[in-house]
Amino acid sequence: MDRVFLFALFSLFLVSSAVDVIDGGGDDPLIRQVVSEGEDLLLHAERHFSTFKVRFGKSYGSQEEHDYRFGVFKSNLRRAKRHQKLDPGALHGVTKFSDLTPAEFRRNFLGLKRLRLPADAHNAPILPTNDLPTEFDWRDHGAVTGVKDQGACGSCWSFSTTGALEGAHYLETGELVSLSEQQLVDCDHECDPEEYGACDSGCSGGLMTSAFEYTLKAGGLEREKDYPYTGTDRGPCKFDKSKIVASVSNFSVVSIDEDQIAANLVKNGPLAIGINAVFMQTYVGKVSCPYICSKHLDHGVLLVGFGSAGYAPIRFKEKPYWIIKNSWGENWGENGYYKICRGHNACGVDSMVSTVAAIHTTTE
Ligand SMILES: *[C@@H]1O[C@H](CO)[C@@H](O)[C@H](O)[C@H]1NC(C)=O
């Protein structure tokens with residue numbers, strides 16, 4: 001070995017450690033700001049609570065309720081700090097859910113039920129994965145409607161379902177039509193509990209594959225504007241068959257393999273997925289990749305794409321992630337979206353994926 005080689009090796013080491021410093025989360029000014037802001041938040045909790053109330057239009061019925069919520073808010077600030085440590089690639093802090101206990105959050109804003117797979121669900125055929133792009137986003141191809149808001153109703157499953165069918169319908173017809181969650185919330189509970197264990201049940205939760213099965217049997221979904229969302233499940237089913245705009249042709253379950261998930265996404269449109277949402281209560285932005293996260297699936301969302309960030313040329317340290325459309329309004333996360341790392345089924349993101357195909361229907 002000659003000296004030139006050793007010198008080259010040494011310079012490479014120097015350059016790569018320099019890159020490490022640039023790339024390291026601890027030196028990212030944005031993260032530093034949020035982390036120190038996090039400490040600040042606890043010191044000035046009262047002021048931050050006032051800002052929070054104004055920003056999210058919160059008001060409480062009594063002084064007692066107000067004081068109780070302030071206590072919850074403070075404990076969520078501590079939780080956000082813990083999440084920041086466990087999930088350093090993302091930003092955690094104050095969100096619209098900062099005055100809710102974890103149990104209230106789970107009860108009112110999630111709603112994924114693990115039901116038995118319906119009879120018409122198939123396994124998705126294995127697709128070729130050799131020319132998958134490194135980045136892909138269905139939003140760039142016009143297949144995704146605006147971010148919606150489920151409100152305080154455990155109907156996430158209905159938004160995941162409409163999102164997937166909106167995409168499939170767009171691929172089939174070239175038309176992007178926003179579809180009705182309320183139809184699913186009001187009408188999709190006529191399954192046979194003997195056969196399925198339990199049924200979709202409006203604000204009390206449901207499952208995307210059973211909602212695809214309902215949609216297949218019912219004939220299709222109405223437009224959002226013909227059957228608008230109310231966020232409650234106390235009303236009767238007002239489904240009008242003559243207003244069907246999108247119908248299911250068939251639907252399948254995708255295997256847990258990440259390349260298969262990506263291939264199905266690119267071929268069939270956005271995918272309905274389940275995820276564990278515990279880190280999402282405090283999520284503010286960037287790529288979430290918790291060191292420890294439960295794989296217990298409690299939230300239904302829509303996978304719309306994938307990308308990679310933090311690319312460093314020397315060490316090829318790209319960090320691939322999934323792009324997820326949520327149903328908590330645009331004032332949550334990154335304009336309503338969540339990013340989570342790919343590569344190890346983080347928070348169970350790869351373990352419940354389904355895809356749907358639409359039939360071309362015409363209405364006037
Ligand atoms: C629908 O069925 C066709 C034909 O069997 C199959 O190739 C396709 O993958 C299925 N699509 C979905 C989304 O299940």
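The model is predicted: local features need pLDDT of at least 70, side-chain atom pairs count only at pLDDT 80 or more, and totals for chains, interfaces and linings use all residues. Residues are numbered from 1 along each chain as its sequence is written, and side-chain values use heavy atoms, with hydrogens and water left out.

**Exercise 1.** Describe the link between Cys 153 and Cys 203.

Step 1. The criterion for a disulfide is a pair of cysteine sulfur atoms within 2.5 Å. The sulfur atoms of Cys 153 and Cys 203 are 2.1 Å apart, and the two residues form a disulfide.

Step 2. The pair joins distant parts of the chain, 50 residues apart: Cys 153 is in the loop between strand E3 (136–137) and helix H6 (156–173), and Cys 203 is in the loop between helix H8 (193–196) and helix H9 (208–218). Helices (H or I, at least four residues) and strands (E, at least two) are DSSP runs, numbered from the N terminus.

Step 3. The torsion about the S-S bond is about -90°, so the disulfide of Cys 153 and Cys 203 is left-handed.

Step 4. Buried means under 20% relative accessible area, exposed over 50%, and partly exposed in between (1.4 Å probe, protein chains only). Cys 153 has 1% and is buried; Cys 203 has 16% and is also buried.

**Exercise 2.** Is Asp 186 buried or exposed, and which side chain of opposite charge is nearest?

Step 1. Asp 186 lies in helix H7 (residues 181–187) and is buried.

Step 2. Lys and Arg count as positive and Asp and Glu as negative; His and the chain ends are not counted. The nearest side chain of opposite charge is Lys 238, 4.4 Å away.

Step 3. A salt bridge needs a side-chain nitrogen of Lys or Arg within 4 Å of a carboxyl oxygen of Asp or Glu. Asp 186 has no salt bridge.

Step 4. Leaving aside neighbours within four places in sequence, Asp 186 is in contact (heavy atoms within 4.5 Å) with residues including Tyr 227, Cys 237 and Lys 238.
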